[in-house]
Every structure is written in C-alpha cells, then in structure tokens.
Amino acid sequence: MATTKHRRRPRVPGEAGDTGPGAREPGERSGIKKKRTRIPSWRSPLTWGILCMTAGFSTCFFLWSDINGDPEVTEVLAAQSDVLDRRFYKVPCSEDYNKQQRFPGCTPTKCGRAVTDFVITRKEAEKIQRIAQAGLALGGSNGGASILDLHSGALSMGKNFVNLYRYFGEKIGEILTEEDFQLYRDVRLKIQQEIARMFEIDATSLYLTKPTFFSRMNSSVAKTPHDEYWHPHIDKVTYGSFDYTSLLYLSDYSQDFGGGRFVFMDEGSNKTVEPRLGRLSFFTSGSENLHRVEKVSWGTRYAITISFTCDPKHAIGDPTMT
C-alpha cells in the first residue's frame, strides 16, 4: 500500500487537552479535570435522550442541533497521542434494557465505555485501512459521509446507494480479495472477544448485527440527510437491535483530519475520544451513552462500526466473497 503523506497542523490551545477523568477500573491513572460548563436541565443530554426515545430520532436530532449548537467538549477520555491498554469508564445502566427481552449472560448489567489500542496490531490496522480506502474508492457520497457495508453490499454512490456486488460483479475480485474478507472476520472476532471480556459476558452469546459498515467522512457540504453524521443519537433507539457498539478507527485525529472526534454527551459535561489508527472504542448501546461525532473540518476520517446484539433473531453472518 502506498504511504500517505499526513497533513499536520498545530494544536489549538484548549481544543483537545490531554485530560481524562472518569470512573475507571482499579489501577487506571487519573487525569486532570478541565473546567466544566453547567448545562441547564432542559438542555441536558439526559433530557434530550428521553426525547429521542419518545418523540422520535429525527425530531430529536434536528431540535438538538438548532437549540444547542455545537456543545463544548470539556474532557478528553482518550487523546490521539495516548497509547491505551483497556481503559474503562463505568456509567450507570439506563432503563432501556428493562423494556426489552433480557438474555442472561449477555444483556448489559455493567454499562460504560472502553478504549484500547491493543486489540489489533498496527499491520492489521493498516490492512483494514486499505480495505476501507479501496472499497470506498469505488463510489462515494456527494456529501461528507460515505459508507460501505460488506454484509449487505450497500455502497454510497452520489446521493443514493448501490449494491456493491451486483453493480460491480466479478470486478470486485480485482479490488477485494478473500484474504481481505478473512482479515475482516478475524478482526471482528477479536473485537467480540474484547467486548465480552470487558463487560464480563459470554462471547458466544454475542451476535453480529446490522448495520455494520466502513465509513469515510470529510468536510464536504451535506447533500442528503445520510451525510449529516454529526447529530446526537442513541444506538439502541436508532438501530433497535444494538446492545454493544464498537468503532475501530482507521486514521489519526490531527494528522489525517481535523474535527471528527467522538463525543459522549453526559449530564453537565461532554467527553471525547480522539481517533487513532487501530484504536478500538466500544460501549453499551443504551441511552447511558448518548453520543455524536464532530463535523470533520479538513482531511478524511476512516472508521468501521461493528455492533453486536444479544438477540439471535437479529444476528447476521460474516461477509464472504460469494
């Protein structure tokens, strides 16, 4: 794979500090707290998380955007320069899981968010990055966000989507190989096992669920609602089947792109994860983890979202070449 020349820019003071307090596992180092801005209760993420579940996701994110603007990030849970080995932040579980069928040994009873840089190797991350770049180069949205779903074949193309496998047919074999698909499956399994270990559940009780996809984000102006990736949302509300969400980052914040940080929107304080090539961030998918992604201001941000359900009815298989 050709080496990409990284674009760098100086850090803006206060833009993304190196602090990271939160509920941690024993032995985790504590960070330095940044100044918090008190948010009136009617504007709090908790209030709007409830609105998301009652009024509907579309209504929720447009109202939030209009009223709240771009909330200040007050804490950094994981800086791009950090190299983290299983940092965990515990948060109270929401009531979401009591309103659905429970699956003993899988449905979350320990909720939170985790970040680690050691689930896959640098070499594996670079190979997965190449898969994302090669696959998404076949199409792309006219706006700022493009997706590639190897499971369903969905690929952004202009203002619409095409089925990758039907649209390109046998030419796919010239871009993606069986080795690529095997790596994808191996990485998925490593992520599944890491989620199970962190949340103390049985890995075999987790099932891959849709949508699971590569994403490419840039600073282009949004052309359709699909391009508007920055709105706050709750995965369990948006997708229904999700119980655990993971994001594997395939590019570096501040080197490959600006903006584009992942923001957890907590009561009275926002907390962010700065993407790093090969970094895995994962969390329980209920309203305890309301979140958003900042708009990308320059460069290109690559990642893959891989999510899991406890309900075998919502399970999907790994993608294959055939």
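**Figure 1. Overview of the predicted model.** The protein has seven helices and 16 strands, where helices (H or I, at least four residues) and strands (E, at least two) are DSSP runs numbered from the N terminus. This is a predicted model, in which local features need pLDDT of at least 70 and side-chain atom pairs count only at pLDDT 80 or more, whereas totals for chains, interfaces and linings use all residues. Residues are numbered from 1 along each chain as its sequence is written, and side-chain values use heavy atoms, with hydrogens and water left out. Of the 322 residues in the protein, 54% are buried; buried means under 20% relative accessible area, exposed means over 50%, and partly exposed covers the range in between (1.4 Å probe, protein chains only). The protein exposes about 14700 Å², of which carbon and sulfur atoms supply 53%, with accessible areas taken from the Shrake-Rupley method with a 1.4 Å probe and, for residues, only the protein chains shown counting as cover. Among contacts between residues at least 6 apart in sequence, 79% join residues at least 24 apart, a contact being defined by heavy atoms within 4.5 Å.

**Figure 2. The open sheet of four strands.** The strands are arranged in the order β1-β12-β11-β14, and their pairing is mixed; two strands pair if DSSP finds at least two bridges between them. Because β1 (75-78) and β14 (291-293) stand at the edges with a single partner strand each, one side of each is left without a neighbour in the sheet. Neighbouring strands of this sheet are turned by 30° against each other on average, direction ignored, where axes are lines fitted to C-alpha atoms, for helices over the stretch in contact, and angles run from 0 to 180 degrees between N-to-C directions. Within the sheet, strand β11 (residues 262-266) and strand β12 (residues 269-273) pair in the antiparallel sense over five bridges, and the bridge partner of M265 in β12 is N270.

Figure 3. A search of the whole structure finds 11 aromatic pairs; rings of Phe, Tyr and Trp (its six-membered ring) pair if their centres lie within 6.5 Å, and planes under 30 degrees apart count as stacked, over 60 as edge-to-face and the rest as tilted. One of these pairs is formed by F199 and Y244, which is tilted, with 5.3 Å centre to centre and 50° between the planes. This pair links distant parts of the chain, since F199 lies in helix α6 (residues 178-199) and Y244 in strand β9 (residues 244-249), 45 residues apart. F199 is buried, with a relative accessible area of 3%, and Y244 also counts as buried, at 0% relative accessibility. The rings of Y253 and F257 have their centres 6.2 Å apart and their planes at 65°, so this pair is edge-to-face; both Y253 and F257 are buried. F199 and Y244 also belong, together with F88 and F282, to one aromatic cluster.

**Figure 4. Lysine charges over aromatic rings.** The charged end of K110 sits over the ring of F88, 4.7 Å from its centre, and the charged end of K295 sits over the ring of W230, 4.5 Å from its centre. A charge is taken to sit over a ring if NZ of Lys or CZ of Arg is within 6 Å of the ring centre and within 35 degrees of the ring normal.

**Figure 5. The surroundings of G143.** G143 is found in the loop between β4 (140-141) and β5 (145-148), where G143 is buried with a relative accessible area of 4%. Not counting residues up to four places away in sequence, G143 touches N218, S220, V221, A222, K223 and D227. The C-alpha atoms of G143 and M217 are separated by 8.9 Å, although these residues are 74 apart along the chain.

**Figure 6. The cis peptide bond at P211.** The peptide bond from K210 to P211 is cis, with omega near 0°, and P211 has its place in strand β8 (residues 207-217). At 23% relative accessibility, P211 counts as partly exposed. Leaving aside residues up to four places away in sequence, P211 touches D149, Y239 and F242, while P211 and A154, 57 residues apart in sequence, are 9.9 Å apart in space, C-alpha to C-alpha.

Figure 7. R86, a residue other than glycine, has a positive phi near 60°; R86 is placed in the loop between β1 and β2 (87-90) and counts as partly exposed at 34% relative accessibility. S254 has a positive phi of about 75° although S254 is not a glycine. S254 lies in the loop between β9 and β10 (257-259) and is partly exposed, with a relative accessible area of 23%.
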